[in-house]
Amino acid sequence: MILEYLNAEYRSERFSEQIKKALKTLMLDESVILSANLNNAAENTSRKKLLGEFRGYGLNRELFENFPSEIQWSVCGFTSGDLKNIRYIDYSYWNELSRGTHSPLTAAETVRSGIEIYNLSNEGFLKAAEFIKNGGKFFRPILLTSDFERFVIVEGHFRITAYALVPEYFDNVECFVGKCGGDLKKWL
């Protein structure tokens with residue numbers, strides 16, 4: 001999960017500079033992400049520290065405050081019907097975009113209607129939806145569940161929103177899914 005997360009965010013226009021800054025702070029080379037060896041314990045430890053520096057992972061802060069500690073990760077295929085069961089985390093931008101529902105499908109309606117949240121352009125979502133329609137592939141979004149019925153986005157809010165704009169293309173889309181015991185509300 002850590003490598004999946006870092007790979008997606010490293011290539012993100014929004015977050016790549018922050019990861020590069022964290023790499024520099026920890027005196028790590030980008031190869032720890034770009035040519036990772038998951039069988040190398042030292043690299044795995046470095047990636048965990050990097051995600052901690054970047055987003056608070058393992059430090060009980062920022063995005064990972066109250067994040068479940070025992071999670072089983074797997075890759076799962078999703079279809080357009082599953083979009084109705086995927087929710088955003090509790091974060092002001094996503095709350096506003098989804099009109100308080102946390103639903104990417106509602107957020108897609110907001111984007112289509114031309115409403116911009118915090119004066120941020122929706123153009124990126126529209127371009128990403130076109131990218132999908134033209135056969136483009138993204139990194140796997142990362143989701144968390146306690147029951148394989150409801151899912152919360154850990155990483156990939158933007159990508160899931162783009163898919164919600166063109167739900168017919170959310171067919172056999174692979175997501176990295178973590179199954180945790182108990183209630184997700186502590187983390188949300």
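1. Two residues are in contact when heavy atoms of one lie within 4.5 Å of the other's. Keep that in mind for this predicted model. Leaving out residues up to four places away in sequence, Phe-78 touches Ile-86, Leu-143, Phe-151, Phe-170, Asp-171, Asn-172, Val-173, Cys-175 and Val-177.

2. Phe-78 also belongs to the largest nonpolar core, which has 29 residues. Phe-78, Ile-86, Leu-97, Leu-143 and Phe-170 have the most contacts inside this core. Several elements each supply at least two of its residues, including strand S1 (71-78), helix H7 (123-133) and strand S5 (173-180). Which element gives the largest share? Helix H8 does, with five residues.

3. Now look at Phe-158, in helix H8 (residues 157-165). Is Phe-158 buried, partly exposed or exposed? Its relative accessible area is 35%, so Phe-158 is partly exposed; buried would need under 20% and exposed over 50%. Beyond its neighbours within four places in sequence, Phe-158 contacts Trp-94, Gly-124, Phe-125 and Ala-128. Gly-136 is 22 residues away along the chain, and the two C-alpha atoms are 15 Å apart.

4. Finally, check helix H1 (residues 2-10) against helix H4 (residues 41-55). Their axes come within 10 Å and cross at roughly 55°. That angle makes H1 oblique to H4. The crossing is left-handed. Ile-2, Leu-3, Tyr-5, Leu-6 and Glu-9 of H1 meet Arg-47, Lys-48, Leu-50, Leu-51, Phe-54 and Arg-55 of H4. By class, this contact has seven nonpolar, four charged and no polar residues.

Terms used:
Residues are numbered from 1 along each chain as its sequence is written. This is a predicted model: local features need pLDDT of at least 70, side-chain atom pairs count only at pLDDT 80 or more; totals for chains, interfaces and linings use all residues. Side-chain values use heavy atoms; hydrogens and water are left out. Helices (H or I, at least four residues) and strands (E, at least two) are DSSP runs, numbered from the N terminus. Buried means under 20% relative accessible area, exposed over 50%, partly exposed in between (1.4 Å probe, protein chains only). A nonpolar core is a set of buried Ala, Val, Leu, Ile, Met, Phe, Trp, Tyr and Cys residues joined through side-chain atoms within 4.5 Å. Axes are lines fitted to C-alpha atoms, for helices over the stretch in contact, and angles run from 0 to 180 degrees between N-to-C directions. Angles under 35 degrees count as roughly parallel, over 145 as roughly antiparallel, 65 to 115 as roughly perpendicular and the rest as oblique. A crossing is left-handed if the near helix is turned anticlockwise from the far one by less than a right angle, and right-handed if clockwise. Ala, Val, Leu, Ile, Met, Phe, Trp, Tyr, Cys and Pro count as nonpolar, Asp, Glu, Lys and Arg as charged, and the others, Gly among them, as polar.
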